[in-house]
Amino acid sequence: MAKSKSDLSDELGGIIAETINKQFKAQNIKTAYFLEGDSDAPTIVKEWVGTGSTMLDLAISNRKYGGFPVGRVSEITGLEQSGKSLLAAHALLNTQKKGGLAVYIDTENAIATEYLTAIGLNLKDMLYIPLETVEDIFETVDVIIDKVRSSDKDRLVTIVVDSIAGASTKTEMAADFDKDGYATAKALIISKAMRKITNLIGRERICLIITNQLRQKLNAPAFSDPWTTPGGKGIPFHASVRLRLSSIGAIKAKREGRDEIVGSRVKAKLVKNRCGPPLRECEYEVYFDSGIDDYSSWLTVMKEHNLVSQSGAWYSWTDKRTGEVIKFQSKEFVEKIMSNPELYEIVYDEIADKVIMKYKKLDEARIDDVTLSNEPLLQDEV
């Protein structure tokens, strides 16, 4: 007889679950096996906000049409001019495209409205909040959560904090400019705030994205990670996604007979990921006048996985359904896929199939027959 999704086959587990449900009114104790199929479980990410880069969306979520997870905390780190604010702005843009509310909390007084408009953000519908202290930041986030819960719970809200490193504390703001002792107040405040808001966000349709700076570790051992982030370990521990961006080269173009730097190539590394495989990397191009150029990375990945063949300046892609060979130059690639929605989906599916990591699973028909023990499964049992 098949078990229901809330049944626990272990008798002791059932007794414990019943007691906890009565004492804490949880009403959600169940087997972890059935958690995956429960659409109301707070641990399941049900929605994603695009980053502006398809390859990065796939790397974070390990599924099609992914991105930053809704109901979770994401952190974007990097050195100066690595594209942290731009990536967060693209998330706000994709939030607006889904009918959501975009909230930008600015601690550095450095927002460039022309750039936001250039990538497509509707500034009239974006909430801009300039703040100075971490206390004010998290109190504001708490107010937003409260308003979402009481008024329009079903509307998507993306909150960008840019940046947490640029925020001070109320104590620091009241002090003079002399050197302090151990500056631990900020880390303590952030740790307390993250403990309070992480579960609140998980129950709402809210995507919280925090940008942070990198600091070089003093006396870091050889071959270890030489970088760390200020503000303690509160955000690194509570964030489900931690991205590290780095600029890996300039993009030049001919303008009026001379080379001019018009953009940069960015590498994104997932230093932590609870939504998919960690430590994955991808690259994308950023243009200073238009933001992330998503489709240039498509062609790069297609070449890496032999989805296209190249002969000089020409590329050839074969439609596996019809056998038709489509030839194009790199400058024609975007126009070809954007002008043909069906072709767009086919190419996207091929890329996703190559990039998404497949997890190993036990045969679901035999799952009830598996006996938990301290003995490892034999190779032919997997």
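Student: Does tyrosine 295 count as buried or exposed?
Tutor: In this predicted model, the relative accessibility of tyrosine 295 is 17%. Since buried means under 20% relative accessible area, tyrosine 295 counts as buried.

Student: Which kind of aromatic pair do tyrosine 295 and tyrosine 344 form?
Tutor: A pair of aromatic rings is described by the distance of the centres and the angle of the planes. For tyrosine 295 and tyrosine 344 the centres are 6.3 Å apart and the planes stand at 75°, and planes over 60 degrees apart count as edge-to-face. The two residues lie 49 residues apart, with tyrosine 295 in helix α10 (residues 294–304) and tyrosine 344 in helix α12 (residues 341–355). The pair of tyrosine 295 and tyrosine 344 is therefore edge-to-face.

Student: How many residues apart in sequence are the parts tied together by the pair of tryptophan 298 and tyrosine 344?
Tutor: Tryptophan 298, which counts as buried at 0% relative accessibility, forms a tilted pair with tyrosine 344, at 5.1 Å centre to centre and 45° between the planes. Because tryptophan 298 lies in helix α10 and tyrosine 344 in helix α12, the parts that this pair ties together are separated in sequence by 46 residues.

Student: Which residues form one aromatic cluster?
Tutor: The structure holds eight aromatic pairs, among them the edge-to-face pair of tyrosine 295 with tyrosine 344 and the tilted pair of tryptophan 298 with tyrosine 344. One aromatic cluster is formed by Tyr65, Tyr295, Trp298, Tyr344 and Tyr348.

Student: What is the relation between the directions of helix α6 and helix α8, roughly parallel or roughly antiparallel?
Tutor: Two packed helices are described by the angle between their axes and the distance between the axes. The axes of α6 (residues 134–150) and α8 (residues 185–202) come within 10 Å and cross at roughly 10°. Because angles under 35 degrees count as roughly parallel, α6 and α8 are roughly parallel.

Student: How many residues of the contact of α6 with α8 are charged?
Tutor: On the α6 side the contact includes Phe138, Val141 and Asp142, and on the α8 side it includes Lys186, Ile189 and Met194. The residues of this contact divide into 11 nonpolar and no polar, while the number of charged ones is four.

Methods
Residues are numbered from 1 along each chain as its sequence is written. This is a predicted model: local features need pLDDT of at least 70, side-chain atom pairs count only at pLDDT 80 or more; totals for chains, interfaces and linings use all residues. Side-chain values use heavy atoms; hydrogens and water are left out. Axes are lines fitted to C-alpha atoms, for helices over the stretch in contact, and angles run from 0 to 180 degrees between N-to-C directions. Helices (H or I, at least four residues) and strands (E, at least two) are DSSP runs, numbered from the N terminus. Angles under 35 degrees count as roughly parallel, over 145 as roughly antiparallel, 65 to 115 as roughly perpendicular and the rest as oblique. Contact means heavy atoms within 4.5 Å. Ala, Val, Leu, Ile, Met, Phe, Trp, Tyr, Cys and Pro count as nonpolar, Asp, Glu, Lys and Arg as charged, and the others, Gly among them, as polar. Rings of Phe, Tyr and Trp (its six-membered ring) pair if their centres lie within 6.5 Å; planes under 30 degrees apart count as stacked, over 60 as edge-to-face and the rest as tilted. Buried means under 20% relative accessible area, exposed over 50%, partly exposed in between (1.4 Å probe, protein chains only).
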